[in-house]
Amino acid sequence: MTSENTAPVAAGTTAVEFWFDPSCPWAWMTSRWVDEVAPHRDLDVTWNIMSLAVLNEDKDVSESYRAFFPRALRYTRLVAAAKELHGQQIVKPLYDALGTRIHPGGSTDSDAVIAGALEEVGLPADFARYADSDEYDEPMRASHFAAIERVGNDVGTPVIAVNGTAFFGPVISPTPRGEQALTLWDGVVAAASFDGFFELKRSRTRDPQFD
């Protein structure tokens, strides 16, 4: 099952959907892993937006965490607008451009992040206005809830769907490379293929370790 506007994949290719919030460091780590795996497992990945701000809008979270949501929402709105106005093909390059500045770059200046990312992907500087507009909130929220409907409410980002089966995570650090990346992919897909498999978890003992 693939998102709307996704072209059919070739025989032997695995259709994958990946939902991310550009601000989430864990989604960033997992996305780099999927990039590592994709050419070796013939993955056709559709990149979709979801929102930590929307996910937590009715939840009791700390004030410090809630203070982060306005900045996060700017990035999700920007990506949602780019997809609606420029098509699916802009989503991954824009995510990469934003995420590189936010995560390994460590920037919390959303204006600078957005300006640099737009320049990198060839969008005009005034496209930044969509980061502060709710014009495309409806498709943004629809994309978000498409992920939540697959996996339930007690999850975060990222959400991945493989062969019609969706799951939260994996939450990983650092990003595995080479054979280790492929071994993890094969194991996660094998576990997710069992209809009765729901959860496997341990407490995190490290922060995201960016390349």
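**Helices, sheet and loops**

Reply: Helix H5 (residues 91-102) and helix H6 (residues 110-121) pack at an angle of about 140°, with their axes 9 Å apart. This is a predicted model, where local features need pLDDT of at least 70, side-chain atom pairs count only at pLDDT 80 or more, and totals for chains, interfaces and linings use all residues. Residues are numbered from 1 along each chain as its sequence is written, and side-chain values use heavy atoms, with hydrogens and water left out.

Me: What do H and S stand for, and how are axes and angles defined?

Reply: Helices (H or I, at least four residues) and strands (E, at least two) are DSSP runs, numbered from the N terminus. Axes are lines fitted to C-alpha atoms, for helices over the stretch in contact, and angles run from 0 to 180 degrees between N-to-C directions.

Me: So how do H5 and H6 lie to each other, and which hand is the crossing?

Reply: H5 and H6 are oblique to each other. Angles under 35 degrees count as roughly parallel, over 145 as roughly antiparallel, 65 to 115 as roughly perpendicular and the rest as oblique. The crossing of H5 and H6 is right-handed; a crossing is left-handed if the near helix is turned anticlockwise from the far one by less than a right angle, and right-handed if clockwise.

Me: Which residues in H5 and H6 meet?

Reply: From H5 there are Pro93, Leu94, Ala97, Leu98, Arg101 and Ile102, and they meet Val113, Ile114, Gly116, Ala117, Glu120 and Val121 of H6. Contact here means heavy atoms within 4.5 Å. The residues of this contact of H5 with H6 divide into nine nonpolar, one polar and two charged. For those classes, Ala, Val, Leu, Ile, Met, Phe, Trp, Tyr, Cys and Pro count as nonpolar, Asp, Glu, Lys and Arg as charged, and the others, Gly among them, as polar.

Me: What about H4 and H5, at what angle do they pack?

Reply: Helix H4 (residues 69-86) and H5 pack at about 160°, with their axes 9 Å apart. That makes H4 roughly antiparallel to H5. H4 passes H5 in a right-handed crossing. In H4, Tyr75, Leu78, Val79, Ala82 and Lys83 meet Val91, Leu94, Leu98 and Ile102 in H5. The residues of the contact of H4 with H5 divide into eight nonpolar, no polar and one charged.

Me: There's a loop between H5 and H6. Is His103 there buried or exposed?

Reply: His103 sits in that loop between H5 and H6, and it counts as buried, at 6% relative accessibility. Buried means under 20% relative accessible area, exposed over 50%, partly exposed in between (1.4 Å probe, protein chains only). Leaving aside residues up to four places away in sequence, His103 touches Pro22, Ser23, Cys24, Pro25, Trp28 and Phe210.

Me: Switching topic: in what order do the strands form the sheet?

Reply: Four strands form an open sheet in the order S2-S1-S3-S4, with mixed pairing. S2 and S4 stand at the edges, each with a single partner strand, so one side of each has no neighbour in the sheet. The twist averages 20° from one strand to the next. Two strands pair if DSSP finds at least two bridges between them.

Me: How many bridges join S1 to S2?

Reply: Seven bridges join strand S1 (residues 14-20) to S2, and the two run parallel. Val16 stands opposite Val45 in S2. H1 packs on the sheet, touching S1, S2 and S3, and its direction makes about 160° with that of S2.

Me: Which residues have a positive phi without being glycine?

Reply: Asp42 and Asn163 are among them, each with a phi of about 50°. Asp42 lies in the loop between helix H1 (25-37) and S2 and is partly exposed, with a relative accessible area of 38%. Asn163 lies in the loop between S3 and S4 and is exposed, at 58%.

Me: And where are the cis peptide bonds?

Reply: One joins Thr157 and Pro158, with omega about 5°, and another joins Gly169 and Pro170, with omega about 0°. Pro158 lies in the loop between helix H7 (137-151) and strand S3 (159-162). Pro170 is in the loop between strand S4 (165-168) and helix H8 (178-192).
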